[in-house]
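Biologist: Hi! Could you walk me through this one before I dig in?
Modeller: Happy to, here it is.
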Amino acid sequence: MFVSWPVNAQKLIKQLCLRICPNLLHFSSIKEITPPGMTQEDGYGDSMEQRNHERDKLIYSYILQCIVPSNRNKNCIRECIGASSTNVPSETIENTLEIGFPNYMGPSFWSSAGETDPSLPEFLIYRLRSRLSVIHEIRIRPLKGFQPGFQPEEPVYSSQAVRFRIGYYKVQHWPVQNMPHDDQFLNDEKFVWTYISPEFPMSQSFKLRQPIVSIGDVIKIELIGRAQKLAANNLYYICLTNVQVIGRPLSPVLGVDFPKGDGDDLVLKYFPDQTRDALLI
């Protein structure tokens with residue numbers, strides 16, 4: 001059950017949220033969206049200041065609850081957007097959404113193009129299920145060689161390091177159906193990044209030191225450096241069998257209005273009619 005906070009705790013709750021998730025400072029204002037028949041005064045005090053305090057208490061209490069890991073966390077990836085390169089058509093980024101071994105010859109996987117230079121990076125871009133989420137963990141499973149006669153040493157086709165970017169596409173109505181096949185939609189200048197992680201040594205699971213409030217429905221996974229050659233052609237590859245972004249959407253209680261022009265700001269949207277059912281753990 002949702003914990004009742006003291007009336008004077010609004011500022012403390014907000015400060016705690018901002019300390020844990022400083023990228024919430026990207027929001028310049030809060031816009032309350034009330035359904036027909038409900039006014040912004042419903043359930044609040046008499047003065048505008050008191051109403052804003054009560055509203056902020058509900059918003060940041062909800063974010064705090066979502067920051068706590070729970071069994072309601074799930075994979076937040078909705079679909080693939082694109083990859084920096086692909087080795088052959090059967091080794092596409094879409095394979096990284098599968099879990100297990102659907103192919104009797106071994107796992108399905110994404111593979112980069114082969115390169116002679118091990119320092120050359122790659123990236124994968126995915127669309128998330130919500131424009132506003134709390135992310136706790138990012139799971140990346142590199143391919144382990146699975147052909148006993150061909151790769152008896154079972155090499156792991158991993159990157160040397162990884163970095164994450166989270167944000168949104170600059171244009172509101174982007175042609176989703178073309179994105180996986182058109183490199184022009186993958187360039188960094190097409191996106192606004194609201195979060196850029198440090199560079200991490202490659203691992204299969206990144207439990208973030210602190211949860212991230214992801215502002216935007218796009219995540220870019222930058223794979224930095226190459227660790228393994230393919231013996232058959234002496235080229236370096238990065239191959240992944242599965243990618244998951246584990247967290248929890250903040251919708252339908254909260255949403256975001258993205259800027260439509262250079263002078264516009266990010267606005268946090270609050271839907272009070274959704275709060276009562278959502279403030280439960």
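This is a predicted model: local features need pLDDT of at least 70, side-chain atom pairs count only at pLDDT 80 or more; totals for chains, interfaces and linings use all residues.

Biologist: Thanks! What does the secondary structure of the protein chain come to?
Modeller: There are 3 helices and 17 strands, taken as DSSP runs numbered from the N terminus (helices H or I, at least four residues; strands E, at least two).

Biologist: And how much of the chain counts as buried?
Modeller: Of its 281 residues, 48% are buried, meaning under 20% relative accessible area with a 1.4 Å probe, protein chains only (exposed is over 50%, partly exposed in between).

Biologist: Why is strand β5 described as largely enclosed?
Modeller: Strand β5 (residues 122-128) has 7 of its 7 residues buried, so the rest of the structure largely encloses it. On one side sit E122, L124, Y126 and L128, and on the other F123, I125 and R127.

Biologist: Which strands is β5 joined to?
Modeller: Strand β3 (residues 77-83) runs antiparallel to β5, with 5 bridges, and G82 stands opposite I125. Strand β12 (residues 218-226) is also antiparallel to β5, joined by 6 bridges, and there L124 faces I221. Two strands pair if DSSP finds at least two bridges between them.

Biologist: New topic: how many disulfides?
Modeller: The structure holds 0, a disulfide being two cysteine sulfur atoms within 2.5 Å. The sulfur of C66 has its closest cysteine sulfur in C17, at 9.6 Å, too far for a bond.

Biologist: Is C66 buried or exposed?
Modeller: C66 is buried, at 0% relative accessibility.

Biologist: How many aromatic pairs are there?
Modeller: A search of the whole structure finds 4. Rings of Phe, Tyr and Trp (its six-membered ring) pair with centres within 6.5 Å; planes under 30 degrees apart are stacked, over 60 edge-to-face, the rest tilted. One of them is the stacked pair of Y168 and F258, 4.2 Å centre to centre with 10° between the planes. Y168 is in strand β8 (residues 159-169) and F258 in the loop between β16 (254-257) and β17 (266-270), so the pair ties together parts 90 residues apart in sequence.

Key: Residues are numbered from 1 along each chain as its sequence is written. Side-chain values use heavy atoms; hydrogens and water are left out.
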